[in-house]
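Here is a short note to read with the structure open beside it. Please take the points in order.

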Amino acid sequence: TSRSKLFLPTDIWSRLSIDNVTFLEQMPMFREVPRPELHALAAQMQSRHYRRSEVIVWQGESSDDAYLIKNGIIGISYLSPDRKVSQTLAYLKQGDILGEIGLLENQARSATATAFSTVEVLVIKRNQFISLLKKYDTTTLELARMLGRQLVATSTRLVHSEAENRLVLVFRVAGGSGGTTIASALASTLARETQRATVYTEY
């Protein structure tokens with residue numbers, strides 16, 4: 001229901017809306033981050049709002065920041081090299097992260113993200129994100145689990161449209177940011193979620 005149709009004052013809605021620090025505390029990634037540090041982090045984050053069908057990031061854009069989804073649903077789509085077929089790979093919801101792989105690899109966006117509803121996100125810069133991964137093990141592990149769940153969901157969706165489906169994961173992170181920890185936890189998550197043999201190798 002649209003807020004405007006409920007005839008409540010703006011200050012009432014602002015009180016009902018969850019504050020950024022409380023939102024961060026509820027995310028497993030930040031559960032070991034002390035509250036004063038969360039306050040400082042939240043103060044540096046920018047809040048952005050998007051309307052339904054509005055593009056949040058375009059495939060091929062530079063990856064300078066990630067988005068913590070505070071409210072709404074976001075669709076992730078990939079445009080094939082021939083520019084003829086666009087395929088929806090995943091749907092992200094409240095508590096998910098958008099753009100984290102681009103930050104880790106410092107590469108261009110690999111897909112386009114579009115708001116499927118009204119969306120509110122908190123923007124975290126690359127240096128802040130990498131700093132958290134280096135400082136807190138639980139942040140690194142929860143990121144790996146989240147990536148694992150997203151990979152399983154994407155793989156499941158694609159297998160219905162392809163006769164044969166293979167998943168190839170290339171994972172590269174900045175030096176000292178816990179690459180082995182992330183990759184091994186990710187492999188464990190994939191094995192548990194899919195109930196299939198999973199091979200992890202590091203090169």
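1. Start with Leu68. Leaving aside neighbours within four places in sequence, Leu68 is in contact with Phe23, Leu24, Met27, Phe30, Met45, Asp96, Ile97, Glu120, Val121 and Leu122 (contact means heavy atoms within 4.5 Å).

2. On the source: this is a predicted model, in which local features need pLDDT of at least 70 and side-chain atom pairs count only at pLDDT 80 or more, while totals for chains, interfaces and linings use all residues. Residues are numbered from 1 along each chain as its sequence is written, and side-chain values use heavy atoms, with hydrogens and water left out.

3. Buried means under 20% relative accessible area, exposed means over 50%, and partly exposed lies in between (1.4 Å probe, protein chains only). The largest core has 33 residues, and Leu24, Phe30, Leu68, Ile97 and Phe129 touch the most other members. At least two residues each come from helix H2 (20-26), H3, E3, helix H4 (100-105), E8, H5, helix H6 (137-159) and helix H7 (179-194). H6 gives the most, with 6 residues. Apart from this core lies another, of 16 residues, including Tyr67, Ile76, Leu92 and Val123. In soluble globular proteins, nonpolar side chains tend to be buried together.

4. The labels H and E refer to DSSP runs, numbered from the N terminus: helices (H or I) have at least four residues and strands (E) at least two.

5. How many salt bridges does the structure hold? There are 8, each being a side-chain nitrogen of Lys or Arg within 4 Å of a carboxyl oxygen of Asp or Glu. One of them joins the side chains of Glu37 and Lys135, at 3.4 Å from N to O. Glu37 lies in helix H3 (residues 35-44) and Lys135 in helix H5 (residues 126-135), so this pair ties together parts 98 residues apart in sequence. Glu37 is partly exposed at 26% relative accessibility, and Lys135 is exposed at 53%.

6. Lys70 and Glu120 form another salt bridge, at 3.7 Å from N to O. Lys70 sits in strand E3 (residues 65-71) and Glu120 in strand E8 (residues 119-125), 50 residues apart. Are these two residues buried or exposed? Both Lys70 and Glu120 are buried.

7. Asp96, one of the contacts of Leu68, has a salt bridge with Lys93 at 3.8 Å from N to O. Asp96 is buried at 11% relative accessibility, whereas Lys93 is partly exposed at 49%. Elsewhere, salt bridges that share partners join Arg31, Glu142 and Arg145 into one network.

8. There is 1 aromatic pair, where rings of Phe, Tyr and Trp (its six-membered ring) pair if their centres lie within 6.5 Å, and planes count as stacked under 30 degrees apart, edge-to-face over 60 and tilted for the rest. The ring centres of Tyr91 and Phe116 are 5.4 Å apart and their planes stand at 70°, so the pair is edge-to-face. Tyr91 is in strand E5 (residues 86-92) and Phe116 in the loop between strand E7 (112-115) and E8. Tyr91 is partly exposed at 42%, and Phe116 is partly exposed at 39%.

Methods:
A nonpolar core is a set of buried Ala, Val, Leu, Ile, Met, Phe, Trp, Tyr and Cys residues joined through side-chain atoms within 4.5 Å.
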